[in-house]
Structure formats: C-alpha cells, structure tokens
Amino acid sequence: DTIVIISDDPINPIKKIPFTVTVENYFVIIDNEDSENYFETGTWATSVAQAYGPSSRFAYIQSMPNGPTATFTFQLSKNGNYDIFEIIPQTENSANNAFYKVLIGTRVIDSLYLDQNEGSGNWKTIGRFYLPADSSISIKVIDSGESSSGPVIRADAFKVLLYEESPINVDEDNSVFVNEYELGQNYPNPFNPSTKIRFSIPSITLSSSSRVESREGGSKVQLKVYDVLGNEVATLVDEHKPAGMYEVDFNSHSDEGQNLSSGIYFYRLKAGSYVETKKMILLK
C-alpha cells in the first residue's frame, strides 16, 4: 500500500511512501520470561543461549523418571484449530528425546517425544490441535529420563497460531457443543496427492419457532467433490452424522479420487438446509 502525505511544501507538496505488511492470523506467544505463565519443577538455570526474548532456561537431564519439567500456560480468545510452534536456542547439546504434553485443564490431549536439536534456533512445529477459548491450556516440557544424549533439556518459548476458527464451545463441565454448521478450508491447499477436509454438525437443532428441540443434533450429510465442469468425481460422505466435528481425507490417487489430474476442484457439503462449497487446488 502507499501512504500519501499532502503538505504546504511548495516544491514537493505530495509525498508518497510505499510500504508492505505481512498479515498473520491471531496468535499468542508464551515465553520463559512470562512469570505468570511459566512454571518449573526441579533445578533449572538461565542459559546464555538465546532464541526468543532475553533468555532461555535449561536443566540437566536425569536417568530417572520425574525429572525437571517446564510448564507454559495460556488462554485464548478464539475457539479453533491452532498450530503450536516451539523455539529453543540453536544447539547440539540438548536432549534427544524430550517429552511434551499438551493439556486443556487437567486433560492431556496429546503427548509426543522430540529431539530438541533438530530445527533448533527456529520455530519448529509441535502439532495442530483444537483449542477452546477462555480455558486454561498448558504445554509441558518434561525430562522423562528417556534421553540418551544431551546433556540438557531446554525451554524458551511457544507460539500458538490460529489456523482456522471453529464454532465449537466448551461448557464449564468440559462438555463440547457445536453451535453451527461449518465447512472448513481443506489443508494442505494446494495438495498432492491428499488433503483433509473438516466440517461440523451442530449440537443444537432449532424448531421453526427458534426453540431448542434437541441438544443432540445430527443430520443427513453429503460431502462430494466436483471438477470445474460440475462433474462429480468423488463422494466422501453420504450418511447420517451425529453432532460433532469431523475430518475426512481425500486422495487424488485413490479409487474415490480416480487418479485426478492437476487443476481446480470444488467440494460441497450438504447437511440439512445447510449447503456450502469451497475450492481446492490439486498441484502435481
């Protein structure tokens, strides 16, 4: 874009300043310097190595369970699917089998092992997760005693980046309800040979008088793929589905995909009175 400055300068009354910006989805970053959101157990120390912020933390790995842990906690303002990234200083002496947990409240939604030396010094993908708004979410970095080299486990910062906002809400009793129909954008897009498509069926159905008829919801669902001429090339779903969020795979090389050629395709969701169509690109 361009900023235009108009002044009373007799020689250059109009000055144009071009600029570019990079727009990123909603995100939060939790750093080890955030005293209200960062907690440790065991013996940790401040490292002179830096990746994000003025410092990072490290602890010596132990050959026993229940070793040092670092916990990053946060809350989000949007329900949705998020990509979680970690950054630690660039190093070759970190734990080769650090244990990670992702929790919503006290419920563990995923756990995994990572070599902290791989991709160090850069934002490294931990995974993609559905995370609710206004809930306590934690990421724990744990020395579980399973690293064979190191000698240290490290903690610095996590970035939680919104990939796709979701209509899901979480009640106080942790029951999950979907408020509306939604068809998500496939990912990856462009794709080759496969991609994932997410959709949601609401938990609450309304009568014509807008009164709640059912908390269970559910609907007859059709999810089909078409080429640019409108020809049907695949049926991914054709059945009654209870309320909830769903994810289906579409493979251009499968029997459903008929070994499709590169180009633009459309996928359409029909559920009750809801109809939505989105575009995707197969790029070989």
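A salt bridge is a side-chain nitrogen of Lys or Arg within 4 Å of a carboxyl oxygen of Asp or Glu. D238 and K220 form one, with their closest N and O atoms 3.5 Å apart. This pair links distant parts of the chain, 18 residues apart: D238 sits in strand β22 (residues 232–241) and K220 in strand β21 (residues 219–227). The model is predicted, so local features need pLDDT of at least 70 and side-chain atom pairs count only at pLDDT 80 or more, while totals for chains, interfaces and linings use all residues. Residues are numbered from 1 along each chain as its sequence is written, and side-chain values use heavy atoms, with hydrogens and water left out.

Start with the whole chain. It has 0 helices and 25 strands. Helices (H or I, at least four residues) and strands (E, at least two) are DSSP runs, numbered from the N terminus. Of its 284 residues, 41% count as buried. Buried means under 20% relative accessible area, exposed means over 50%, and partly exposed lies in between (1.4 Å probe, protein chains only). The chain exposes about 15,400 Å², and carbon and sulfur atoms supply 48% of that area. Such areas come from the Shrake-Rupley method with a 1.4 Å probe; for residues, only the protein chains shown count as cover. Contact means heavy atoms within 4.5 Å. Among contacts between residues at least 6 apart in sequence, 64% join residues at least 24 apart.

Back to the salt bridges. The whole structure holds 8 of them. K224 pairs with E232, the closest N and O atoms being 3.4 Å apart. Here K224 is buried, with a relative accessible area of 16%, and E232 is partly exposed at 41%.

R198 and E247 also meet through their side chains, at 2.5 Å from N to O. R198 lies in strand β18 and E247 in strand β23 (residues 244–251), so the pair ties together parts that are 49 residues apart in sequence. R198 counts as buried at 15% relative accessibility. E247 is partly exposed at 37%. Both belong to a network of salt bridges that links K196, R198, E247 and D249.

On a 1 Å grid over the protein atoms alone, a cavity is a set of points where a 1.4 Å probe fits but cannot get out; lining residues have an atom within 4 Å of a point. Grid points are joined across faces, edges and corners, and a volume is the space filled by probe spheres set on the points. There is 1 cavity of 30 Å³ or more. The largest cavity has a volume of about 60 Å³. Of its 11 lining residues, the closest to the centre are E164, E182, G184, R198 and M245. Strands β14 and β18 (194–201) are the elements that give two or more residues to this lining. The largest share, 3 residues, comes from β18.

Strand β14 (residues 157–165) also holds K159. Is K159 buried or exposed? K159 is buried, because its relative accessibility is 13%. Beyond neighbours within four places in sequence, K159 contacts E24, F27, V28, I29, D83, I84, F85 and W123.

V152 belongs to strand β13 (residues 152–155). V152 is buried at 3% relative accessibility. Leaving aside neighbours within four places in sequence, its contacts include F58, Y60, I61, N93 and Q116. V152 and Q62 are 90 residues apart in sequence, yet 8.9 Å apart in space, C-alpha to C-alpha.

Now the backbone. Most residues other than glycine have a negative phi, and most peptide bonds are trans. The bond from G150 to P151 is cis, with omega near 10 degrees. P151 is in the loop between β12 (137–142) and β13. Another cis bond joins Y187 and P188, with omega about -5 degrees. P188 is in the loop between β17 (182–183) and β18. D134 is not a glycine, but its phi is positive, near 60 degrees. D134 is found in the loop between β11 (124–131) and β12, and counts as exposed at 62% relative accessibility.

End at the surface. I3, I5, I17, F19, V21 and V23 form a nonpolar patch, with about 550 Å² of accessible area together. Patches are made of residues with over 30% relative accessible area and no salt bridge: like charges are joined within 9 Å, nonpolar side chains (Val, Leu, Ile, Met, Phe, Trp, Tyr) within 5 Å. V23 lies in the loop between β2 (14–18) and β3 (27–31). V23 is exposed, at 76% relative accessibility.

Key
On a 1 Å grid over the protein atoms alone, a cavity is a set of points where a 1.4 Å probe fits but cannot get out, and a pocket is an open set with protein on both sides within 12 Å along at least five of seven lines; lining residues have an atom within 4 Å of a point.
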